[in-house]
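Okay, thanks everyone, I'll keep this short. Let me put the structure up, and then we'll walk through it piece by piece.

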Amino acid sequence: MNFVALRMLTGDRAKYLGLIFAIAFSTFLLENQTSIFAGIMKRTGSQIADVIDANIWVMDPATRYFEETKALKDTDLLRVRGVTGVDYAVRLFKGQPVARTPKGNFSAAIVMGIDDATLIGAPRKMILGSWERLREPQSIVIDRGGYQLLFPGEPYQLGRTLEMNDHLVKIVGISDAKAPFASFPIIHARYSEAVNFLGRERSQMAFVLARPVAGVTPEELTKRIEAATGLKARTTDQFRWDCINYYLENTGIPVNFGITIAIALIVGLVVSGQTFYLFTVENLKQFGALKAIGVTNWRLVGMILLQAVTVGFIGYAFGTGMGAAFFEFFGRQIATRGIILMWQNAVGVGVLMFLVVIGASLLSIRRVLVLEPATVFR
Amino acid sequence: MNAQPTSQTAAVRCRSVHKHFGQGDNRIHVLRGVDFEANRGQLSFLVGPSGCGKTTLISVIAGLLDTTDGKVELFGENTEDMGAEQRILFRRRNLGFVFQQYNLLPALTAAENAAVPLLAAGVKRQEAVDRATDLLVKLGLESRARELPNKLSGGQQQRVALARALVHEPRLIVCDEPTAALDHATGEAVMELLAGSAVHPERAVIVVTHDNRVFHFADTIAHMDDGRIHRTEHRN
């Protein structure tokens, strides 16, 4: 009887397409909004994730997220190095000066000052040039998003200059650093030079980056550093989640996205539920005839569920296709780079839409179960 | 006058069947002690004015409704003693239906519609459709077997419905006003087919109608009024 169920479904072309349309757009909207939301949240820790040479971040105990730093004392670096299990520890400067081009374009930029000797914390994914050239005097590496913001419409070219706090610096590399939360350029420079890009303060060190020796886990080492120094120490993952949680708790972003996601879910459930219900009600006479002929209730339930799951699957496939096309296009744009359709979102939305179509079919199932087969004679 | 004495060939026996709908002041007494028999190898007509209880009686006979009181036997078995599932299986095996409005599935072809009882019984699709197509050929619908119902005339749709009622070779066929939606000539043709193809020594056919133009096909005519059978004619 499965083919009978499917032919009944596809026979009413308008309702069939209406159901697929409703589920496809609900899927698209849900995947779109949840992925953009997750992408934006991921961006809050982009500069943390970019550092691959160290997996422990040490900071002032009051620090809550990456953007909010309080300078550490220079001696803190030595104290961290003195903790048992630390393989190496280096300093990291983070500042937000204004960068200007010779043509007068300017933008606030995120400057990461990395350890002069080791260059730990330098971006490893380069579009052009080499991070090793940071050893040259007055040199910086800028990310491609920042480059396009400051030099709009111009080809990537090394040797261009920027001015920060009266310091003229030369671009020696263009990196593929992850997009930051705000669309600021990401500039990497040696620590000794980066500190000059802002007005000088007594203390400049924002973070200490560290790595444990073999046999010591990052989690274990963070505990040791906190115990020995009184500073806050987080693994890379912990610190990224700190940033995400900070934005979740202290901004309206989750509420705004949550409302859209809830509306997409409700609209998907109501529209597909109503259409599916109407589809069943209009076919009650046929279901009654099938009951009279001797089709069991279980078989009819199976037919309705097959119809629901079929439109759900096709609608979900179309919606996911639209979502994939959307992110394929926008993922290539500078402003939205790095925001992708995550498989977790696609799977989660798939489960949600499955529940939506099952929910939508329950009313229909009830109508068919209580249907008296004798109604076929009326 | 009620039904004739029980014969050895009786396929359907109803004894003192009562059927109420509703409760209290809203209670409607539709069947008021019906005695009725339909014999194998015969076309048994059930006739009477609208609202006299004909449709309720065939619903009870077909096991689609329970009686309030009385006894219904089909081929010696009391269907009300069966569980719900058992009754559905009994119906699937032993009954065929022809409805006034045909009740064909609009998305299925004529052959697929006619094959539905076989599909419900678990016969594979191709085999079921092939058997249904063979039957449609016998009923003169060879060239229409692959058409959807909306491409068929009323008479052709009713012939498809007849094929659906016959395809699984049931022992009882129940027809509800099979000619009501058809003009006289088409109705006559459908009844000829019904009489020619459905009547079988081991099968009983009950036809509910108030179309007196087709009464001449009947072997027996039970006249019903106000929830009772008050006269039964034996034509042949």
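So, to start: into which domains is chain A divided? There are two of them: domain 1, made of 2-43 + 252-377, and domain 2, covering 50-250. Before I go on, keep in mind that this is a predicted model.

Back to those domains. Their C-alpha centres in chain A lie 46 Å apart. Where they touch, domain 1 of chain A puts in eight residues and domain 2 of chain A puts in 10. On the domain 1 side, the elements giving two or more residues are α2 (13-43) and α9 (253-282) of chain A. By class, that domain 1 side comes out as five nonpolar residues, one polar and two charged.

Okay, staying in chain A, let's look at a helix pair. Helix α4, residues 74-81 of chain A, packs against helix α7, residues 218-229 of chain A, at an angle of about 125 degrees, and the axes are 10 Å apart. Anything from 65 to 115 degrees would count as roughly perpendicular, and over 145 as roughly antiparallel, so α4(A) and α7(A) are oblique to each other. The crossing of α4(A) and α7(A) is right-handed. Who meets whom? From α4(A) you have A:Asp76, A:Arg79 and A:Val80, and they meet A:Ile225, A:Ala228 and A:Thr229 of α7(A). That makes three nonpolar, one polar and two charged residues in the contact of α4(A) with α7(A).

Now over to chain B, and its sheet. It's an open one with six strands and mixed pairing, and the order reads β6-β7-β8-β3-β9-β10 in chain B. At the edges sit β6 (95-98) and β10 (228-234) of chain B, each pairing on one side only. On average, neighbouring strands here are turned by 20 degrees against each other, if you ignore direction.

Zooming in a bit: β7 (residues 172-176) and β8 (residues 204-209) of chain B run parallel, joined by five bridges.

Last stop, where the chains meet. Here 23 residues of chain B are in contact with 19 of chain A. On the chain B side, α1, α2 (84-94) and α3 (110-120) each supply at least two residues. Which of the helices gives the most? That's α2(B), with five residues. Sorted by class, the chain B side has 15 nonpolar, three polar and five charged residues.

Technical notes: Residues are numbered from 1 along each chain as its sequence is written. Chains are lettered from A and ligands numbered from 1 in the order in which they are written. This is a predicted model: local features need pLDDT of at least 70, side-chain atom pairs count only at pLDDT 80 or more; totals for chains, interfaces and linings use all residues. Two strands pair if DSSP finds at least two bridges between them. Helices (H or I, at least four residues) and strands (E, at least two) are DSSP runs, numbered from the N terminus. Axes are lines fitted to C-alpha atoms, for helices over the stretch in contact, and angles run from 0 to 180 degrees between N-to-C directions. Angles under 35 degrees count as roughly parallel, over 145 as roughly antiparallel, 65 to 115 as roughly perpendicular and the rest as oblique. A crossing is left-handed if the near helix is turned anticlockwise from the far one by less than a right angle, and right-handed if clockwise. Two residues are in contact if their C-beta atoms, placed from the backbone, lie within 7 Å. Ala, Val, Leu, Ile, Met, Phe, Trp, Tyr, Cys and Pro count as nonpolar, Asp, Glu, Lys and Arg as charged, and the others, Gly among them, as polar. Domain bounds come from an automatic or database domain assignment.
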